[in-house]
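Hi,

Here is the structure I promised to pass on to you. Could you open it and keep it on screen while you read the rest of this email?

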Amino acid sequence: MSPEILYLGVDIGGTKVAAGLVTAAGEILGKTRVPMVSRGDAAAGFGSVRDAIGAALALRPDARASVRAIGITSPGPLDPRTGIVINPPNLPCWRNFPLAESVTREFRLPAKVDNDANAGGLAEAIWGAGRGYETVFYATLGTGIGTGIVFGGKIFYGRTGAAGEGGHVTIDHRGPPCGCGKRGCIEALASGPAVGARARKRITENAAAGAKMLQLAGGVLQAVTGEIVGAAFHAGDPLAKDVLKETADYLAIWLGNVIDLLEPHVIIFGGGMGALMAEWFDYIREQLPSWSINSRAREIPLLPAKYNEDSGVAGAAALCLAR
């Protein structure tokens with residue numbers, strides 16, 4: 001009987017590195033995490049990655065020989081074709097760092113590097129909610145909004161590898177400034193921080209209406225976050241519901257544009273805010289005819305992601321299977 005084929009998925013963030021062993025069927029056998037030394041030198045940063053990979057391999061010492069490749073998700077900018085991490089703001093330890101080459105040299109295994117949204121979309125296309133669909137549009141809604149486009153099991157990168165930045169599609173040119181430098185991006189309107197900021201503004205305008213959210217935030221206005229809005233919504237708070245309804249409206253406008261441009265076979269939402277907004281899928285679907293010229297826009301499934309908090313590890317492993 002041949003040994004089980006495994007892949008190792010590594011998810012790098014500004015403060016942690018998670019790693020796990022993943023089967024060829026997308027099952028995560030075990031995970032571990034270590035702190036990320038993001039403000040030291042390049043060697044210190046790579047040391048965190050090395051430690052996370054070592055800890056993941058130690059979860060199943062007998063499976064070391066079954067690991068065929070290592071996939072890695074990292075904050076960008078990065079070049080997925082060369083595996084070089086260019087200059088991510090929250091990883092100042094790396095500037096033009098050859099991450100894939102360094103991992104291959106250290107562990108003698110092929111390595112691939114990509115951003116978390118591309119990789120998460122690939123995992124959903126191969127193993128998750130997008131399995132069986134030809135074209136997958138994946139969006140992860142959290143601190144920011146990242147997107148991945150997968151055609152026939154292959155990530156769409158565009159001419160230089162910079163395609164798929166759907167979170168920075170402007171839907172209101174007079175809207176709030178986005179961290180990318182543009183105005184009115186969907187990230188500036190529907191990410192977790194954007195939802196929290198909109199709720200705080202509404203509370204400032206009507207403190208009585210915002211009493212429930214303030215209570216959940218310990219009476220501190222600045223502690224009202226997207227998570228607090230979600231908790232208040234689930235407790236039946238009308239103002240929280242209104243804030244989320246406005247968020248769903250922004251998402252409907254955005255998805256109308258996505259559908260007119262790509263007409264994907266399926267749209268998948270991941271991330272913490274994505275899971276919350278999944279409760280608004282029916283409402284968003286009802287609004288699509290107002291924002292898309294596609295007469296069959298409502299037929300496109302809107303689905304919650306399978307992996308969610310595990311999307312980084314699963315997505316990184318999925319990179320090893322990319323055609």
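Predicted model: local features only at pLDDT ≥ 70, side-chain atom pairs only at ≥ 80, totals over all residues.

Residues are numbered from 1 along each chain as its sequence is written, and side-chain values use heavy atoms, with hydrogens and water left out.

Let's start with the rings. A pair of aromatic rings is described by the distance of the centres and the angle of the planes. Rings of Phe, Tyr and Trp (its six-membered ring) pair if their centres lie within 6.5 Å; planes under 30 degrees apart count as stacked, over 60 as edge-to-face and the rest as tilted. By that rule the structure holds seven aromatic pairs. Take Phe233 and Trp280: their ring centres are 5.7 Å apart and their planes sit at 35°, so this pair is tilted. Phe233 belongs to helix H7 (residues 226-234), while Trp280 is in the loop between helix H9 (272-277) and helix H10 (281-287), so the pair ties together parts that are 47 residues apart in sequence. (Helices, H or I with at least four residues, and strands, E with at least two, are DSSP runs numbered from the N terminus.)

Phe233 and Trp280 are both buried. Buried means under 20% relative accessible area, exposed over 50%, and partly exposed in between (1.4 Å probe, protein chains only). Trp280 also pairs with Tyr283: the centres are 5.8 Å apart and the planes at 85°, so that pair is edge-to-face. Tyr283 is buried as well. Elsewhere, ring pairs link Phe46, Trp94 and Phe97 into a cluster.

Gly315 is in helix H11 (residues 311-319), and its relative accessible area is 0%. Which residues does Gly315 touch, not counting those up to four places away in sequence? They are Ala119, Gly120 and Ala123, where contact means heavy atoms within 4.5 Å. Thr73 sits in strand E4 (residues 67-73) and is buried too, at 1% relative accessibility. Leaving aside neighbours within four places in sequence, Thr73 has contacts that include Val10, Asp11, Ile12, Ala119, Gly312 and Ala316.

Last, the charges. Side chains of opposite charge can pair when their charged atoms come close. A salt bridge is a side-chain nitrogen of Lys or Arg within 4 Å of a carboxyl oxygen of Asp or Glu, and there are ten of them here.

- Arg105 and Glu101 meet at 2.8 Å, N to O. They are four residues apart in helix H2 (residues 99-107), which puts about one helical turn between them. Arg105 is exposed at 53%, whereas Glu101 is partly exposed at 49%.
- Arg198 and Glu246 meet at 3.4 Å, N to O. This pair links distant parts of the chain, with Arg198 in helix H5 (residues 192-205) and Glu246 in helix H8 (residues 238-262), 48 residues apart. Arg198 is buried at 12%, and Glu246 is partly exposed at 26%.
- Glu299 and Arg296 meet at 3.0 Å, N to O, and both are exposed.
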